[in-house]
Amino acid sequence: MPATIYGIKNCDTMKKARTWLDQHKIAYVFHDYKTQGLEPPRLKHWVDALGWEILLNRAGTTFRALPDAHKQDLNKAKAIGLMLEHTSMIKRPVLELENGKLLVGFKSEIYAGALGG
């Protein structure tokens, strides 16, 4: 089973990551969680493996547009709820490799190290 890259189609960072994967001939499946959603167990697995602080995109416009009450007293459960309700708050891309390893964000040197490209 090939790697799966999760994110949003029109995100510039996603485009860079997908271009890198294509150029290095690495097979992957693209999952657009803006249109396809994201299963709660998958997000919970990511949070357990990486921490919600890594996955929650606080710099994005969706998070910044939230009322202050939603941004205060963040914890694991609240962050998961926000990310499931507003999938654009999940940092992207999330690359799930065949061996279960997860990469968040895109840096070519990290992809090269993990994928041998």
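## Sheet, packed helices and nonpolar core

In this predicted model, strand β3 (residues 94-96) is joined to β4 by 3 bridges, and the two run antiparallel. One of the pairings is between valine 94 and valine 104, the latter in β4.

Both strands belong to an open sheet of 4 strands, ordered β2-β1-β3-β4, in which the pairing is mixed. The edge positions are taken by β2 (28-32) and β4 (102-104); each has a single partner strand, so one side of each is left without a neighbour in the sheet. From one strand to the next, the twist averages 20°.

| Helix | Residues | Strands involved | Angle to β4 |
|---|---|---|---|
| α2 | residues 40-50 | touches β1 (3-7), β3 and β4 | about 85° |
| α7 | residues 108-115 | lies across β1, β3 and β4 | about 170° |

Helix α2 packs on the sheet, and helix α7 lies across β1, β3 and β4.

The next topic is the core. The largest nonpolar core has 34 residues, and those touching the most other members are Leu43, Trp46 and Met83. Two or more residues of this core come from each of β1, α1 (12-23), α2, α3 (52-55), α6 (76-85), β3 and β4.

What does leucine 43 touch, leaving aside residues up to four places away in sequence? Its contacts are Leu38, Leu55, Ile80, Met83, Leu84 and Ile90. Among them, Met83 is also one of the core residues that touch the most other members.

Definitions and conventions:
Residues numbered from 1 in each chain as written. Predicted model: local features only at pLDDT ≥ 70, side-chain atom pairs only at ≥ 80, totals over all residues. Heavy atoms only, no water. Pairing = 2+ DSSP bridges. Axes fitted to C-alpha atoms, helices over the stretch in contact; angles between N-to-C directions. Contact = heavy atoms within 4.5 Å. Core = buried A, V, L, I, M, F, W, Y, C linked by side-chain atoms within 4.5 Å. Buried < 20%, exposed > 50% of the residue type's maximum accessible area, 1.4 Å probe, protein only.
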